[in-house]
Amino acid sequence: MKKKLLAMLLCVCMTASLVACGGSEPAESTEVSENTETETDEPEAEAEEEAEEEEEQASLMGFNMVKDGDFSQGEENWFLYLNAGSATMSYDNEELSVNITSVGKEEHGVQIYYDGFTLETGCVYEIQFDASSTVERTIQYRSQINGGDYHPYNSEYLTLTPETQHFDIQFTMEESSDPAPRLCMNMGFIDGDDPGEHTVVFDNFDFQCIDESGRLKPEAAVETPNIQINQIGYRPDDTKLAVFCGDDLDTEFHVVDAKSGESVFDGKVGTAAVNKNTKTNEAVADFSAFKTPGTYKITGDKCGESYQFVIGDGIYADALKDAVRMLYMQRCGSELTEDLAGDFAHPACHTGEAVIYGTNNKIDVSGGWHDAGDYGRYTVSGVKAVADLLLAYQKYPEVFGDDFNIPESGNGVPDVLDESRYELEWLLKMQASDGGVYHKVTCANFPETVMPEEEVDQLIVLPVSTTATGDFAAVMAMAYEVYSDVDSEFADTCLAAAKKAADYLDNNENQAFTNPEDVVTGEYPDNFDEDERFWAYAELLKATKDEAYEKAVEGIDLDKVKYGLGWADVGYYGAYAYLTSGATDSTVEKAVMDKMTAGAEEIVKNIGKDTYGCSLFKDYVWGSNMLVADNGIILSLYADVSGKDYSKETKEQLDYLLGNNGNSYCFLTGYGTLYPEGTHHRPSQVLGKTLKGMLVGGPNANLEDPYAAAVLKGKAQALCYVDNSQSYSCNEITVYWNSPLIYLLAEAQ
């Protein structure tokens, strides 16, 4: 039975409609057993199948898509969004009231919205509601796409008065079906009118499909293989594992030459079992013994064939270059020229000075990398990205050339160090005069779906945090070690900044960061800085051999340190730095080693639970692909300090990311047969094409955006992935997701 891919918007509409109607998801059709009926019976069988499909496409009519539309049940299903406006929302007297003190500067300066319904192509919809305003004013109703350019499927401007009016609007859904649109009311700055303080009241929402006669039949779902592999391929001596999945699995497999179609290697498929992460019956086929370079597929009589892959040396070289080049493509404050950036070229962006929040002071913080799909720049996530690159370079310097096609290529310095320096120089600008480090620089709100130079709102530098300061001190100490032989003057600058940041930590208690009320960009909150302090002191000890930093480490409660390699939990960076620093305190050394050992053993334990060798277990969260890559790095670092060999387990994390997973995706854009094309990345969205070399976030069982919630409900945790730009919780990209992938790709060269 073929596994279906929820990748195309129309493919999920029937399921979403049934959920909205209270029905159940239609079961996959079972395979028909071989029979002896004549050919004359086939049209009748096809007609019966079509009739069954029509019955499965349940009616959309007869129900209100707005839950508790009259507010009689006391359910709070609407949300308030502010873009430089000021308002509060309340449910009073079985009505929804929006108390507005400022409309802001945009039509959506004040907005209320409702998610959780479906609009299908060709259907006629009617929305009715009552509304009033304490002052006469214009508002905008919109049924719109919930992502990208947020364009409306239907929109009208309405004039409200103190007297309650009933509005009745009909429209036909002309565009492709949308399983996760948004209903919203814009009450911001419209037609140049600022009505001052006032209250808008809504009641009796009724949103229904009133005519489905023009409804289009859903397109057939795209079929994906029941045999999963690393879609880029394997080195000759790699462990090579394919995963067979489905109800009826093969017992034998074949490695087939893609050109000749001939089988060149045969083997036995392992014992099948249900994978707790995918809830799917799966078995492993081991073809490690086959080492002949070439292009191949894995086949089975029942499960069909895998996507194509290559066996050979140097097969990850291009992927490594593009993964590093992605960072160049994220550069802020510099022109990206057409000869290097192609269609993604753009003028210098965000070059103006930024206001220090709460003051009238401005500073230059130009440079650095755009963090993710938006254009904010964040200290803690930027540091994590640079740290991964520096670790990768320190361990595998020979794989990083000076020919990665960035502006500095050919200058005699490995391009990974040039690219890291671009971020480090921005980080230096983020250090305040007292040594503390500002948490981030963004505008007050996320930008629209525009190219970076088109975000022209005032930049704001947000306050110092001790987490940002600790991370900064650590990475600057790492930079001192790496750049001492490349540019000693720059290295000395980094070390001085690291020491200054450590002094700030010595003299200040925990300073956590939270967004001010008038700033809604990414927060990167972290209320606990013990792990950042540990990392900072350990790296400074490693860089300087100063006993003062060893004493500082001894003052850290290692049981309170949060161990990870993310932007929030950085304890393993500190542990590795300490264990390779030459420290002399055997008691602390043992305690740190015990922490690394426990972490590595837990990762290996989880790998053993998963058919794909993925290191996650019940931990498919936002950015799960980063966790997979980070776990590979942890095993690699632990192997350095323990002498144990975890190369197989580390490589399995790369294999998972590059296609050997239950979603059949190579999660690196532009690579493999099936890769993400609907990334939540503004330049890609604007240009209508996906930038090559980006690692997407991956499966997220928490369904943390409306699109994912609409199309992935009920899926097994490891299969909660959808390739759509509206799904920012699955398909956004970040520099600090690419960076651990770069480490794994470097190790695999």
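## Helix α13

Let's start with α13, which covers residues 624–642 of this predicted model. Its 19 residues reach 27 Å from the first C-alpha to the last, close to the 27 Å expected at 1.5 Å a residue. Most of α13 is covered, with 15 of its 19 residues buried. Just after the helix comes G643, which takes a positive phi of about 80°.

## Helices α5 and α6

Next up is a pair. Two packed helices are described by the angle between their axes and the distance between the axes. For α5 (residues 379–395) and α6 (residues 415–429), the axes come within 10 Å and cross at roughly 150°. Angles over 145 degrees count as roughly antiparallel, so that is how α5 and α6 lie to each other. Their crossing is left-handed.

Which residues in α5 meet α6? On the α5 side they are T379, G382, V383, V386, L389, L390 and Y393. They meet V416, L417, S420, E423, L424, W426 and L427 in α6. Sorted by class, this contact has ten nonpolar, three polar and one charged residues.

## Helix α18

Further along sits α18, residues 735–747. It has 13 residues and reaches 19 Å from its first C-alpha to its last, close to the 18 Å expected at 1.5 Å a residue.

Is α18 mostly covered or mostly uncovered? It's mostly covered: twelve of its 13 residues are buried, among them Y736, W737, P740 and L744.

Terms used. Residues are numbered from 1 along each chain as its sequence is written. This is a predicted model: local features need pLDDT of at least 70, side-chain atom pairs count only at pLDDT 80 or more; totals for chains, interfaces and linings use all residues. Side-chain values use heavy atoms; hydrogens and water are left out. Helices (H or I, at least four residues) and strands (E, at least two) are DSSP runs, numbered from the N terminus. The expected span of a helix is 1.5 Å times one less than its number of residues. Buried means under 20% relative accessible area, exposed over 50%, partly exposed in between (1.4 Å probe, protein chains only). Axes are lines fitted to C-alpha atoms, for helices over the stretch in contact, and angles run from 0 to 180 degrees between N-to-C directions. Angles under 35 degrees count as roughly parallel, over 145 as roughly antiparallel, 65 to 115 as roughly perpendicular and the rest as oblique. A crossing is left-handed if the near helix is turned anticlockwise from the far one by less than a right angle, and right-handed if clockwise. Contact means heavy atoms within 4.5 Å. Ala, Val, Leu, Ile, Met, Phe, Trp, Tyr, Cys and Pro count as nonpolar, Asp, Glu, Lys and Arg as charged, and the others, Gly among them, as polar.
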